[in-house]
Amino acid sequence: MPLTNDQCYTSSGKYCFCIEFYLDEHHREGFPTSQLIHYSLGPNPDAEDDKNAPPQKFALAFSTADVVIHGWRLGLIADKLQENELASVHALPKRYGELDRKMPFVASIKITPIEKE
């Protein structure tokens, strides 16, 4: 599935070996899906104090890094992950956030490597 400017994820329709995270147009990181240990989707605790903060937090724990995604309507991305069809996730400029209120919107992606002892 080709990506357009207003999409924050791509799916393959088949098993994905790797999930890529596009931090911006020049930086991307990928993780093998076999290294996914845990994920959770829930309310963003920062949204309680800041009304402009994204309401959802999607956290993924890989064996080598933790990935935190903030955004709106992230359930569809979690569904694609659960179905092994999630190919990539992209942070988008805020101007695309309300184009389609049924589609997910990713405001930020933060990747924190796991420190080696």
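Does Glu85 count as buried or exposed, and at what relative accessibility? Glu85 counts as buried, at 19% relative accessibility; the cut-off for buried is under 20%. The model described here is predicted. Its chain has 117 residues, and buried residues make up 37% of them.

**Overall layout**

- The chain contains 8 strands and 1 helix.
- Read from the N terminus, the order of elements is β-β-β-β-β-β-α-β-β.
- Of the contacts between residues at least 6 apart in sequence, 57% join residues at least 24 apart.

**Strand S6 and its partners**

- Strand S6 covers residues 65–72, and 6 of its 8 residues are buried.
- S6 pairs with S5 in the antiparallel sense over 6 bridges.
- S5 and S6 form a hairpin, with 2 residues between the strands.
- S6 also pairs with S8, again in the antiparallel sense, over 8 bridges.
- Val67 of S6 is the bridge partner of Leu60, and Val67 stands opposite Ile111 in S8.

**Nonpolar core**

- The largest nonpolar core has 23 residues.
- Phe21, Val67, Ile69 and Ile77 have the most contacts inside this core.
- Two or more core residues come from each of strands S2 (18–24), S5 (56–62), S6 (65–72), S7 (86–90) and S8 (105–113), and from helix H1 (75–82).
- With neighbours within four places in sequence left aside, Ile77 is in contact with Cys8, Tyr9, Phe58, Leu86, Val89, Pro104 and Val106.

**Salt bridges**

- The count of salt bridges is 2.
- One of them joins Glu85 and Lys80, whose closest N and O atoms are 3.6 Å apart. This pair falls within the cut-off of 4 Å between a Lys or Arg side-chain nitrogen and an Asp or Glu carboxyl oxygen, so it is counted as a salt bridge.
- Glu20 counts as partly exposed, at 24% relative accessibility, whereas Arg28 is exposed, with a relative accessible area of 51%. Arg28 is classed as exposed because its value is over 50%.

Conventions:
Residues numbered from 1 in each chain as written. Predicted model: local features only at pLDDT ≥ 70, side-chain atom pairs only at ≥ 80, totals over all residues. Heavy atoms only, no water. Buried < 20%, exposed > 50% of the residue type's maximum accessible area, 1.4 Å probe, protein only. Core = buried A, V, L, I, M, F, W, Y, C linked by side-chain atoms within 4.5 Å. Helix = DSSP H or I, 4+ residues; strand = E, 2+ residues; numbered from the N terminus. Contact = heavy atoms within 4.5 Å. Pairing = 2+ DSSP bridges.
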